[in-house]
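Please keep the viewer open as you read.

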Amino acid sequence: MRFRVSQLLLWAALCPLAYLVPAALAQNGTWAKEEQAWRVQHATDLQKPDGWLSLIGLEWLAAGQTSIGSAADNTIRLSESAPAHLAVVKLENATVSLLSPQGGFPSGLNVDGGAAKEQVLRADPDRDKFNSHVTFGTLNFYVIRRADRFALRIKDAKSPSITGFHGLKWYAPDQNYRVTAKWVPYKPAKSVSLLTLVGTSYDQPVPGYAEFVLHGKTYRLEPVMEDAQSTRLFFIMKDTTSAETTYPACRFLYTPLPDHGVDHEGELILDFNHMENPPCAYTPYATCPLPPAGNRLPIALPVGEQRYHK
């Protein structure tokens with residue numbers, strides 16, 4: 001009887017483990033599937049017709065008129081598949097206007113989905129989300145403003161970078177680099193001046209900081225808010241893997257907002273497996289921000305995306 005009672009007591013002690021092991025395996029399997037799905041979506045976004053791999057040009061504008069087309073007399077030469085004279089843009093007094101080329105706008109040229117007409121093109125400082133898009137066939141261009149400089153960013157849905165895409169390189173997923181961080185808001189909020197790879201700078205709001213423990217040590221990162229309505233925090237960061245295996249300038253990490261919002265203390269998940277390359281890792285035609293000094297970690301984070309080019 002004592003033996004049977006002892007067996008029962010042992011079974012009762014082990015039963016929770018018997019249930020926990022399959023549960024843990026199932027949880028790990030779910031996380032691995034979610035991680036793979038995120039990676040697939042990231043690659044898909046890069047290859048969209050207006051994704052970062054579609055960039056074929058970044059042309060800084062001088063004051064006056066800039067002609068665009070495939071003919072030799074244009075300031076900006078396009079491929080032979082484009083009309084000889086597609087459009088003219090004019091920079092004057094910090095305003096960029098779309099003007100008709102000789103012979104008029106070609107049929108099929110649109111601005112924000114409507115037939116092209118002479119008009120001012122929207123170009124918000126350092127934020128391109130709502131800027132006017134001029135499209136023709138697979139071509140798509142819009143004005144960007146960086147400090148007091150203006151440029152045309154030109155995209156092509158059939159760019160060599162899209163047609164020659166060869167996949168992304170990743171570290172192996174590791175749940176040890178998915179951590180719960182303490183969120184501490186700044187009161188009052190602060191801002192940071194972000195330098196860019198093209199030598200300009202711009203200010204962004206910093207709502208607080210995330211404090212986390214990794215390998216027994218405590219670290220702190222500051223995100224910026226890309227706009228007031230954003231549902232994500234944006235971390236521009238760098239770790240010691242940048243010396244050899246990840247993009248030298250930085251990597252990006254987007255996270256959901258803290259559990260109690262940005263204005264209150266709380267928690268948020270930092271999944272460093274989701275660190276991704278900035279656009280400038282794929283194309284020389286992007287203008288990427290550089291990480292602030294406090295976001296340059298003295299440790300290696302061997303997870304997330306590796307260098308696209310050798």
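## Pockets and cores

Helix 1 (2-46) makes the largest contribution to the lining of the largest pocket, with 5 residues. Helices (H or I, at least four residues) and strands (E, at least two) are DSSP runs, numbered from the N terminus. The model is a predicted one, where local features need pLDDT of at least 70 and side-chain atom pairs count only at pLDDT 80 or more, while totals for chains, interfaces and linings use all residues. Residues are numbered from 1 along each chain as its sequence is written, and side-chain values use heavy atoms, with hydrogens and water left out.

A pocket here is an open set of points on a 1 Å grid over the protein atoms alone, where a 1.4 Å probe fits, with protein on both sides within 12 Å along at least five of seven lines; lining residues have an atom within 4 Å of a point. Grid points are joined across faces, edges and corners, and the volume is the space filled by probe spheres set on the points.

| Pocket | Volume | Lining residues by class |
|---|---|---|
| Largest | About 1,600 Å³ | 15 nonpolar, 11 polar, 15 charged |

In the second largest pocket, strand 16 (251-256) gives the most to the lining, 4 residues. Among the residues lining this pocket are Trp-31, Arg-178, Tyr-254 and His-274.

Now to the cysteines. With a disulfide taken as a pair of cysteine sulfur atoms within 2.5 Å, the count is 0. Cys-280 counts as buried (under 20% relative accessible area, with exposed over 50% and partly exposed in between; 1.4 Å probe, protein chains only) because its relative accessibility is 10%. Cys-288 is also buried, at 2% relative accessibility.

Which residues touch the most other members of the largest nonpolar core? They are Val-89 and Phe-141, in a core of 24 residues; such a core is a set of buried Ala, Val, Leu, Ile, Met, Phe, Trp, Tyr and Cys residues joined through side-chain atoms within 4.5 Å. Strands 4 (87-92) and 10 are among the elements that supply at least two residues each. Beyond its neighbours within four places in sequence, Phe-141 has contacts (heavy atoms within 4.5 Å) that include Ile-68, Val-89, Leu-152 and Ile-154. Another core, of 23 residues, lies apart from this one and includes Leu-214 and Met-275.

Key:
Nonpolar A, V, L, I, M, F, W, Y, C, P; charged D, E, K, R; others polar.
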